[in-house]
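Colleague: I am new to this structure and would like to go through it with you. Could you put it up, please?

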Amino acid sequence: MTGWSTADIPRQDGRTAVITGATGGLGFETALELARAGAAVVLTGRNGAKGQEALARIRGQLPDAEVSYETLDLASLASVADFAARFVAAHPALDLLINNAAVMALPKRQVTSDEFEMQFGTNYLGHYALTAHLLPQLLRGHRSRVVNLSSGAHRSGVINFDDLQARRSYGPWRAYCQSKLAMLMFALELQRRSAINGWGLMSNAAHPGYARTDLIPNGPGTGSLMGRLGRYLQPVMSQSAAAGALPTLFAATSPAAEPAGYYGPDGLFEMKGPPVPARIMQRARDVAAAARLWDISAALTRVSFDQVATAA
Ligand SMILES: NC(=O)c1ccc[n+]([C@@H]2O[C@H](COP(=O)([O-])OP(=O)(O)OC[C@H]3O[C@@H](n4cnc5c(N)ncnc54)[C@H](OP(=O)(O)O)[C@@H]3O)[C@@H](O)[C@H]2O)c1
């Protein structure tokens with residue numbers, strides 16, 4: 001696997017992919033490469049102008065690309081459900097779902113339309129609901145895969161079951177790390193449930209190391225300590241957004257990617273370099289906690305995978 005690059009992406013003709021947060025950063029690069037490989041790619045995002053701009057950039061490079069843009073705001077369960085309904089009406093099946101979008105370390109506690117803490121709600125609960133809504137289409141897909149974006153930050157994450165929404169005490173990084181741990185636990189739990197229920201999905205996860213994207217400007221801000229530190233660290237520790245998308249692309253397309261796999265850069269501290277299996281913290285493998293989180297998420301989002309799977 002060493003040196004895996006976009007040249008190793010198998011052809012994706014006939015496959016349909018949905019990517020969240022595809023208007024910039026890693027999501028855009030993932031969309032571009034999947035479209036180049038022949039997939040029909042639905043880019044989703046919360047900003048229509050950026051969505052159209054992303055489509056134009058892809059078509060500028062790939063005039064025959066089968067790409068479209070749809071509004072999907074993960075900070076609103078209604079928007080997630082609306083998108084899923086539109087997707088189901090327009091597409092018989094889904095082969096690839098990339099749960100990529102996130103916001104990071106918002107300095108002050110904010111909430112989603114459903115009163116969830118913004119990072120837990122956007123980065124994790126929105127993706128939980130989206131995946132559940134799209135399960136019937138995934139079950140109709142061919143060798144369907146779901147890829148969740150986690151982060152090295154999952155290592156510092158704790159699922160605070162007593163205060164999941166950080167109502168009592170909010171820490172910008174604590175909330176981000178929790179959301180990224182939740183995404184990794186969700187990926188592993190989805191794989192367990194797929195195996196038990198015979199859904200036939202492959203669920204895995206990826207992280208980009210340290211990739212130069214809008215995550216800091218959109219989150220803590222360039223003037224924050226992280227932003228200022230970033231200016232010194234970037235030249236040595238970081239990689240381009242295109243390189244940062246490789247672990248996602250590997251997880252999504254490589255025949256060597258495994259169920260419940262987790263992929264990140266091979267370099268020092270998993271910061272940059274081509275994709276290899278990444279280190280999963282023991283906490284993320286806690287099966288009882290993952291099942292508990294799953295049940296709480298179903299209650300909070302009011303979407304049940306089991307009901308959806310039975311109805312499919
Ligand atoms: N960059 C890194 O070094 C790094 C490290 C570890 C993990 N990650 C993970 O990689 C993933 C991609 O991040 P990135 O670095 O590419 O960041 P980015 O450049 O900020 O891109 C994030 C994307 O998510 C979208 N988004 C944010 N809130 C949304 C919402 N409520 N609904 C729908 N879309 C929303 C953004 O849309 P707008 O354009 O409208 O803002 C943007 O398209 C994230 O899951 C992040 O946690 C990144």
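Colleague: Which residues of helix 2 are buried?
Modeller: This is a predicted model. In helix 2, the buried residues are Gly51, Ala54, Leu55 and Ile58.

Colleague: Where do they fall when one looks down the axis of helix 2?
Modeller: They fall within an arc of 100 degrees, so the buried residues line one face of helix 2.

Colleague: And which residues are exposed on the other side of helix 2?
Modeller: Ala49, Ala56 and Gly60 are exposed there.

Colleague: What do the buried residues of helix 2 pack against?
Modeller: Their packing partners are helix 1, strand 2 (40–45) and strand 3 (67–71). One residue to look at here is Ala31, which is in contact with Ile58 and Val67, and also with Ile19, Ala22, Val41 and Leu43, leaving aside its neighbours within four places in sequence.

Colleague: What span should helix 2 have, and how far apart are its end C-alpha atoms?
Modeller: Helix 2 covers residues 48–61, and at 1.5 Å a residue its 14 residues should span 20 Å. The end C-alpha atoms are 20 Å apart, which agrees.

Colleague: Let us turn to the core. How many residues are in the largest nonpolar core, and which touch the most other members?
Modeller: The largest nonpolar core has 93 residues. Those that touch the most other members are Ala17, Ala31, Ala35, Val41, Leu43, Leu184 and Met185.

Colleague: Which element gives the largest share of this core?
Modeller: Helix 5 does, with 12 residues.

Colleague: Staying with helix 5, is Leu190 buried or exposed, and why?
Modeller: Leu190, found in helix 5 (residues 172–197), counts as buried because it has 27 C-beta neighbours inside 10 Å, and the cut-off for a buried residue is 20 or more. Leaving aside its neighbours within four places in sequence, Leu190 is in contact with Val146 and Ser203.

Colleague: How far is Leu190 from Ala260?
Modeller: Their C-alpha atoms are separated by 8.5 Å, although Leu190 and Ala260 are 70 residues apart along the chain.

Colleague: Now the ligand. Which residues around the ligand come nearest?
Modeller: Of the 32 residues around the ligand, the nearest are Gly21, Gly25, Ala101, Ala102 and Thr213.

Colleague: Which helices supply at least two residues of that shell?
Modeller: Helix 1 (25–36) and helix 6 (215–218) each do. The largest share of the shell comes from helix 1, with three residues.

Colleague: How does the shell divide by class?
Modeller: Around the ligand there are 13 nonpolar, 15 polar and four charged residues.

Note on methods: Residues numbered from 1 in each chain as written. Predicted model: local features only at pLDDT ≥ 70, side-chain atom pairs only at ≥ 80, totals over all residues. Near = placed C-beta within 6 Å. Helix = DSSP H or I, 4+ residues; strand = E, 2+ residues; numbered from the N terminus. Nonpolar A, V, L, I, M, F, W, Y, C, P; charged D, E, K, R; others polar. Buried ≥ 20, exposed ≤ 12 C-beta atoms within 10 Å, placed from the backbone. Contact = placed C-beta atoms within 7 Å. Expected span 1.5 Å × (residues − 1). Arc of directions from axis to C-beta. Core = buried A, V, L, I, M, F, W, Y, C linked by C-beta atoms within 7 Å.
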